[in-house]
Amino acid sequence: MNWINKHKLLAVKVIKFNNQLYLEIDNLWNALHSIFNKAQDRHIDFSLLDELQDNKSEAWLPFSKVEFRNAISNCNNSSIPGPDKLSWYYLKIIINNSVCLSKIIDIANVCFDIGFWPSHFKTSMSIIIPKPNKESYNSPKSFRPIVLLNTIGKLIEKVIGERLQFHAITNDFIHFSQLGSLKERLTIDASVALIHFICIGWVKNINTSMLTFDIAQFFLSLNHQLLPKVFDKQVSTWKFQNSLVIIL
């Protein structure tokens with residue numbers, strides 16, 4: 001298996017699903033699809049969105065060069081490119097040219113102005129990779145799908161994500177207990193907070209007990225039809241016009 005650097009092949013057995021051996025590509029695809037899209041056709045009561053408060057809209061400001069340069073600075077040069085075969089290494093060289101960067105920003109701004117996301121940015125390539133350190137690889141759950149997008153479109157999405165996260169945190173949209181994968185909120189902060197509560201308990205002669213659990217395959221259980229409606233209902237901070245589809 002060639003993946004950036006060469007890795008030793010895994011001892012993979014025949015994949016089983018619902019007590020059946022899956023030898024054909026079509027059957028294997030159906031098994032993987034059913035695992036990774038469990039909640040796709042699940043019935044949802046959208047009336048629960050009525051409890052959410054509509055936020056006041058604000059104007060979406062044009063993108064800046066600083067946003068793009070900051071977003072691409074943390075990208076790994078060795079990451080495998082998408083269908084366009086444009087690596088982060090070469091895109092960083094292109095971004096260093098002020099004229100080229102201005103053209104990319106113009107594309108991003110126009111996408112928001114007219115509410116259109118080019119089909120080139122939607123083109124993707126899906127790859128199934130094995131999860132590390134598994135005792136057996138005969139189950140679809142032992143693998144993880146990743147999607148490789150065209151690099152320029154992925155860069156614009158990174159800039160959008162950074163801006164959305166900034167506004168979501170500053171406007172207290174994200175709960176304070178959400179600590180992972182956020183700016184200025186690292187997972188280590190959860191340990192610091194836990195130690196703080198334990199120490200407070202000691203001062204008051206109170207013993208601390210902790211219950212932890214892991215929601216297996218939580219993201220796979222989310223219904224993708226509900227997420228954009230929640231986003232449209234609560235995070236209506238900007239006047240997107242029809243360009244909400246760009247983010248989603």
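This is a predicted model: local features need pLDDT of at least 70, side-chain atom pairs count only at pLDDT 80 or more; totals for chains, interfaces and linings use all residues.
Residues are numbered from 1 along each chain as its sequence is written, and side-chain values use heavy atoms, leaving out hydrogens and water.

Now for the rings. A search of the whole structure turns up six aromatic pairs (Phe, Tyr or six-membered Trp rings with centres within 6.5 Å; planes under 30 degrees apart are stacked, over 60 edge-to-face, the rest tilted). Trp60 and Phe112 are stacked, at 4.6 Å centre to centre and 5 degrees between the planes. Trp60 sits in the loop between α1 (25-36) and α2, and Phe112 in helix α4, so this pair ties together parts 52 residues apart in sequence (helices are DSSP runs of H or I, at least four residues, numbered from the N terminus). Phe63 and Phe68 are edge-to-face, because their planes stand at 85 degrees, with centres 5.9 Å apart. Ring pairs join Trp60, Phe63, Phe68 and Phe112 into a cluster.

Phe63 and Phe68 also show up, with Leu91 and Leu155, as the residues with the most contacts inside the largest nonpolar core, which has 24 residues (buried Ala, Val, Leu, Ile, Met, Phe, Trp, Tyr and Cys joined through side-chain atoms within 4.5 Å). Helices α2 (65-73), α3 (88-95), α4 (98-114) and α6 (151-170) each supply at least two of its residues, and α4 gives the most, six.

How values were computed: Buried means under 20% relative accessible area, exposed over 50%, partly exposed in between (1.4 Å probe, protein chains only).
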